[in-house]
Amino acid sequence: MENTYDFGLIGLGVMGRNFILNVADNNFSAMGYDLDQEKVNALIEEGKDTKRVNATSDIQQFVNSLSQPRKIMLLVPAGKIVDSVIESLLPHLDKNDLIIDGGNSFFTDTDRREAYLQEKGIHFFGSGVSGGAKGARRGPSIMPGGNKDAYKEVQPIFEAVSAKFKGEPCVAYLGPKSAGNYVKMVHNGIEYGLMQLTSEIYDLLKKAGKYSNDELHAIFDSWNKGRLQSFLVEISAEIFKQDDDKGDGRLVDKILDKAKQKGTGKWTSQNAMDLGIPIPSIDIAVSMREISALKEERVKADKLYNRPEPAHIEKEELAKWAEEALYFSFIATYAQGLAQLADASKEYGYELDLSVIAKIWRAGCIIRAGLLEDISKAFSNDKNLPNLLLSAEFVPKVQATVGAARSLVSYSAKNGIPLPGLSNSLTYFDAYTSGRLPLNLIQAQRDHFGSHTYERTDMEGIFHTEWE
């Protein structure tokens, strides 16, 4: 068994097991490792039809079975467990071996681990993997960052197992240090935003248009065949058709309206605040999950305040506005996330290529969408494009759909239907495209109460006034 397996994977939960079977399907031999003997046995059983998969709960046997330089991927929960696994591996590794963290680790942890392992001659990669368990099995989008030369060792495996878009693998070397984990973090932030937006449009169609689940299925399914083609719209259509296996009716109506989170959306917002980058559509998506957790308080508050009965609106008109507004807000959310990546790339020295990032998101990942093909072209045409809203290709797309967003935000405000994601997307657009904002008054206030100074429009310099 010694030095015979091409690839090693630690963490044989659903994601890990599916990923390693995907590796084997693509003609690379793979060895799995887990402390849980049941998971080891499950992988051996599932992979018994091929001689390319094996597993063990013995760390030394695991490491010795791998060809050199060893390529070892971790699919374990983020946090201290990653450090623990690294420490268990170190006594058995040789120089130039490669450890790949495929979890959602915070990017500064990846920088710390890379520096620590570099001193020992071991390469470390933070590599985001998106697509869930099904993606891991059938082909995920993979976002690796680290030493460029070391990536070449694992590149053939990653390109083979990744999702394909028109034959192109949805994986690419993204940059040094924690570039891969950072891109995956922002990917997840965009994911939060898109999920919030689709849920709001669902709520609006249900409350204002009285759409049935069958009608919702039909409308989302039709949208998925058009310019809104995306994984989240596709699965939303499927969700509306799912019968409740524990009772009558459709399952979606029985699911509690409390959304959980694992922290990656919050990290995106926190880091954007640190960098001074506005991403309000993502910020509000994080906040809405927190508001959703206040279920008991919301139920009490619902009984204390009157809410208007939604005014009549023609279903066809509502559906038209909804499609246009969702398209507009999807663009606004991608624009914010990609703007964060552009600024972070300069701040952290990642040298990210946004056109390539959009390309590897076109298949396999949760935020895959037809729109990403146009986004990739926009950044390919202008490598220094600071924001998607400045792209000549996107101006007409936005101009044609922003009116619907205005109509729905106005309607929802009058009728007590919360559309925070759409509202924030519209506000972001209006603020970003305003040549003058009222922040001159804020600067005057700051100087008035705190002598914080201000700049002027008519002359250079920094000024302070003794306000009367």
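1. Salt bridges overall. The structure, which is a predicted model, holds 28 salt bridges. One of them pairs Asp83 with Arg112, and their closest N and O atoms are 3.2 Å apart. Asp83 belongs to helix α4 (residues 80–89) and Arg112 to helix α5, so this pair ties together parts that lie 29 residues apart in sequence. In general terms, side chains of opposite charge can pair when their charged atoms come close.

2. Domain layout. The chain is divided into three parts: domain 1 covers 7–173, domain 2 covers 184–433 and domain 3 covers 437–467. Between the C-alpha centres of domain 1 and domain 2 the distance is 32 Å. Domain 1 contributes 23 residues to the contact, and domain 2 contributes 19 residues.

3. Area of the interface. The size of an interface is often given as the accessible area lost when the parts come together. For domain 1 and domain 2 the buried area is about 1600 Å², and carbon and sulfur atoms give 66% of that area. Within domain 1, the residues that lose the most area to domain 2 are Asn104, Phe107 and Phe165; together they account for 32% of what that side buries.

4. Polar and charged links across the interface. Two salt bridges are counted between domain 1 and domain 2. Glu168 forms a salt bridge with Arg362, with 3.5 Å between the closest N and O atoms. Polar contact across the interface of domain 1 and domain 2 is found for five residue pairs, with both residues at pLDDT 80 or more.

5. Aromatic pairs. The count of aromatic pairs comes to 19. Phe107 and Tyr182 form an edge-to-face pair, with 5.0 Å from centre to centre and 80° between the planes. This pair links distant parts of the chain, since Phe107 lies in helix α5 (residues 107–118) and Tyr182 in helix α8 (residues 179–208), 75 residues apart.

6. Backbone points to inspect. Gln68 and Pro69 are joined by a cis peptide bond, for which omega is about -10°. Pro69 is placed in the loop between α3 (59–64) and β4 (71–74). Glu351 is not a glycine, yet its phi is positive, at about 55°. The loop that holds Glu351 runs between α14 (315–348) and α15 (354–360).

Terms used: Residues are numbered from 1 along each chain as its sequence is written. This is a predicted model: local features need pLDDT of at least 70, side-chain atom pairs count only at pLDDT 80 or more; totals for chains, interfaces and linings use all residues. Side-chain values use heavy atoms; hydrogens and water are left out. Domain bounds come from an automatic or database domain assignment. Contact means heavy atoms within 4.5 Å. Buried area is the accessible area (1.4 Å probe) that two parts lose on being put together, summed over both. A salt bridge is a side-chain nitrogen of Lys or Arg within 4 Å of a carboxyl oxygen of Asp or Glu. A polar contact is a pair of N or O atoms within 3.5 Å; within protein, one must be able to donate a hydrogen and the other to accept it, and residues adjacent in sequence count only if both atoms are side-chain atoms. Rings of Phe, Tyr and Trp (its six-membered ring) pair if their centres lie within 6.5 Å; planes under 30 degrees apart count as stacked, over 60 as edge-to-face and the rest as tilted. Helices (H or I, at least four residues) and strands (E, at least two) are DSSP runs, numbered from the N terminus.
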